[in-house]
Amino acid sequence: MATDASPKFQQAELIPLPPQPDYNPAIAAVEHDGLRFWQFMIAGSVAGMVEHMAMFPVDTIKTQMQALGSCPIRSASVKQAVQSILKADGARGLYRGIGAMALGAGPAHAAYFSVYEICKKSFSGGDPDNHAAHAAAGVCATVASDAVLTPMDMVKQRLQLGSSPYKGVLDCVMRVMRQDGFGAFYASYRTTVLMNAPFTAVHFAAYEAAKRGLTEVSNSPESLSEETLVVHATAGAAAGAMAAALTTPLDVVKTQLQCQGVCGCDRFASGSIGDVFRTIIKKDGYRGLMRGWMPRMLFHAPAAAICWSTYEAAKSFFQDSNNGNDINNVT
């Protein structure tokens, strides 16, 4: 019997079996992320559009609170900011500039998530616990994304200001080109990258860690599919709020650079970050650097929850589609 057992087991090893006893979460994560480049781009584009369209009114409040000089809202609470916007322009005032964001958010988030996924796979080597790799991938993603979004973000913020002199997106673009040149569209790019690099590093690392931790808390495999949406939303909200709070001062500087010379906001001769910092501190003290922190957190927490939930849902859709195609090809 002993002589017959060995060949039988050797033959059995040739039969491909599902690796259920030796399940490896890292392998499963790689398989889940095994999408085509264009699928990452579409998933990211949809997620970015849904996020920014849903949260745009909060972003408008934040922008007006951060503007200095003789802009309509200088040192105001969230309640005062909302009342001032509604009094000046009605409910539509909360959506001024949404056209610019619609044009920029889709392409920017397509670049954002596709670059992130490619870099994450390259840097982490399939290790889901490599938070440094997640952070580094996030930094690469934000450099690419900001290069796409910054011009439309500048147009959006100028349109969001109370009593904005621009009639719409095209009018703003043409007048800025005529008065300040093409460079004005990227006046805040350096500050934006310096702000979004740490923001994204904290955001992605915190999200991946929170998502993994929350997933492991679930001890019921049967309920895992129902909990996936909650996990993505909760992890995204926590990561977004944390990153937003830490990077508010640089966001204030970015708003100043993008809105300079409009509605009485200060114009900076050098355009340096240090110059803007000194101006803010001189006029409002150090508390001026945290202007708009509450609406910024109120924006990024639900925005991140919406964005990550939508993105992961789109990835799952493409994964199921790819698996279905693979099965059809085999049969």
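In this predicted model, the axes of helix 6 (residues 131-160) and helix 8 (residues 189-217) come within 7 Å of one another and cross at roughly 140°, where helices are DSSP runs of H or I with at least four residues, numbered from the N terminus, and axes are lines fitted to C-alpha atoms over the stretch in contact, with angles from 0 to 180 degrees between N-to-C directions. Helix 6 is therefore oblique to helix 8, the term for angles that are not under 35 degrees (roughly parallel), over 145 (roughly antiparallel) or 65 to 115 (roughly perpendicular). By class, their contact (heavy atoms within 4.5 Å) has eleven nonpolar, eight polar and two charged residues, with Ala, Val, Leu, Ile, Met, Phe, Trp, Tyr, Cys and Pro counted as nonpolar, Asp, Glu, Lys and Arg as charged, and the others, Gly among them, as polar.

The structure also holds one cavity of 30 Å³ or more, a cavity being a set of points on a 1 Å grid over the protein atoms alone where a 1.4 Å probe fits but cannot get out. About 520 Å³ of space lies in this largest cavity, the volume being the space filled by probe spheres set on the points, which are joined across faces, edges and corners. Among the 30 residues that line the cavity (those with an atom within 4 Å of a point), E51, H52, L149, N196 and H300 are the closest to its centre. The lining divides into eleven nonpolar, ten polar and nine charged residues.

Residues are numbered from 1 along each chain as its sequence is written, and side-chain values use heavy atoms, with hydrogens and water left out. Local features need pLDDT of at least 70 and side-chain atom pairs count only at pLDDT 80 or more, whereas totals for chains, interfaces and linings use all residues.

Key. Helices (H or I, at least four residues) and strands (E, at least two) are DSSP runs, numbered from the N terminus. On a 1 Å grid over the protein atoms alone, a cavity is a set of points where a 1.4 Å probe fits but cannot get out, and a pocket is an open set with protein on both sides within 12 Å along at least five of seven lines; lining residues have an atom within 4 Å of a point.
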